[in-house]
Amino acid sequence: MPLAPGDKAPDFDLPTPDGRVSLAGLKGNTVVLYFYPKDDTSGCTTEATGFTAAADAFAKAGAVVVGVSKDSVASHAKFRAKHGLAVTLGSAKDDDVVERYGAWVEKSMYGRKYLGIDRSTFLINGEGVIRRVWRKVKVGGHVAEVLKEAETLAAA
């Protein structure tokens, strides 16, 4: 069964360029957990710079934004520095968090099937309960939609 609103969010504890990030360590905060396929690709860069541009608004709503891919910590550090990113980037290179959130899926390109990350976002409240899930995310307008939901959650 895929994760859905009302489900307890699976815990995670991932290495980042600055140390580690965990759901338990963010308890009490709203968490925007987004999964993206690959550092420094066009869609992923647009998404990460969008979350960075809205960082102050997310912080005002009491939300922490965490991006996760299977890229290494070193790759995340380069990606962050190159684009001036202000979001936390966790490396799932040696972790099954992508699978536990159901974001590791069969994809197809030019008729070739392969496994990869489904661009998806989870809005998790301060008690660790999933409040909203977006799957097969289209980058355009996504950050604004997530921010609106985070602000609604903060106001509740």
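From the N terminus on, the elements of the protein chain run β-β-β-α-α-β-α-β-α-β-β-β-β-α, and that makes five helices and nine strands, where helices (H or I, at least four residues) and strands (E, at least two) are DSSP runs, numbered from the N terminus. What we have here is a predicted model, so to be careful: local features need pLDDT of at least 70, side-chain atom pairs count only at pLDDT 80 or more, and totals for chains, interfaces and linings use all residues. Residues are numbered from 1 along each chain as its sequence is written, and side-chain values use heavy atoms, with hydrogens and water left out.

Let me begin with the whole chain. With 156 residues, a compact globule would have a radius of gyration near 15 Å, and the protein chain, at 14 Å, agrees with that; the radius is taken over C-alpha atoms, and the globule rule is 2.2 Å times the number of residues to the power 0.38. Along the principal axes, the C-alpha atoms fill a box of roughly 45 × 35 × 30 Å. Buried residues make up 44% of the 156, where buried means under 20% relative accessible area, exposed means over 50%, and partly exposed lies in between (1.4 Å probe, protein chains only). If we take contacts between residues at least 6 apart in sequence, 63% of them join residues at least 24 apart, a contact being heavy atoms within 4.5 Å.

Is Glu47 buried or exposed? Glu47 counts as buried because its relative accessibility is 1%. The side chain of Glu47 makes a polar contact of 2.7 Å with the side chain of Arg119; a polar contact is a pair of N or O atoms within 3.5 Å, where within protein one must be able to donate a hydrogen and the other to accept it, and residues adjacent in sequence count only if both atoms are side-chain atoms. Leaving aside neighbours within four places in sequence, Glu47 also has among its contacts Tyr34, Tyr36, Val137 and His142.

Arg20 lies in strand 2, residues 19–22, and at 54% relative accessibility this arginine counts as exposed. Not counting residues up to four places away in sequence, Arg20 touches Asp13, Leu14 and Pro15, and a polar contact of 2.8 Å joins the side chains of Arg20 and Asp13. The C-alpha atoms of Arg20 and Thr88 are separated by 9.4 Å, although these residues are 68 apart along the chain.

Further along, Lys107 is found in strand 6, residues 104–109, and counts as partly exposed at 23% relative accessibility. Which backbone oxygen does the side chain of Lys107 reach? The side chain of Lys107 reaches that of Ile117, at 2.7 Å. Beyond four places in sequence, the contacts of Lys107 include Pro37, Arg112 and Tyr114.

I would like to finish with the backbone. Most residues other than glycine have a negative phi. Asp40, in the loop between strand 3 (30–35) and helix 1, has a positive phi near 60°, and Asp40 counts as partly exposed at 35% relative accessibility. Tyr110, in the loop between strand 6 and strand 7 (112–117), also has a positive phi, near 55°, while its relative accessible area of 82% makes Tyr110 exposed.
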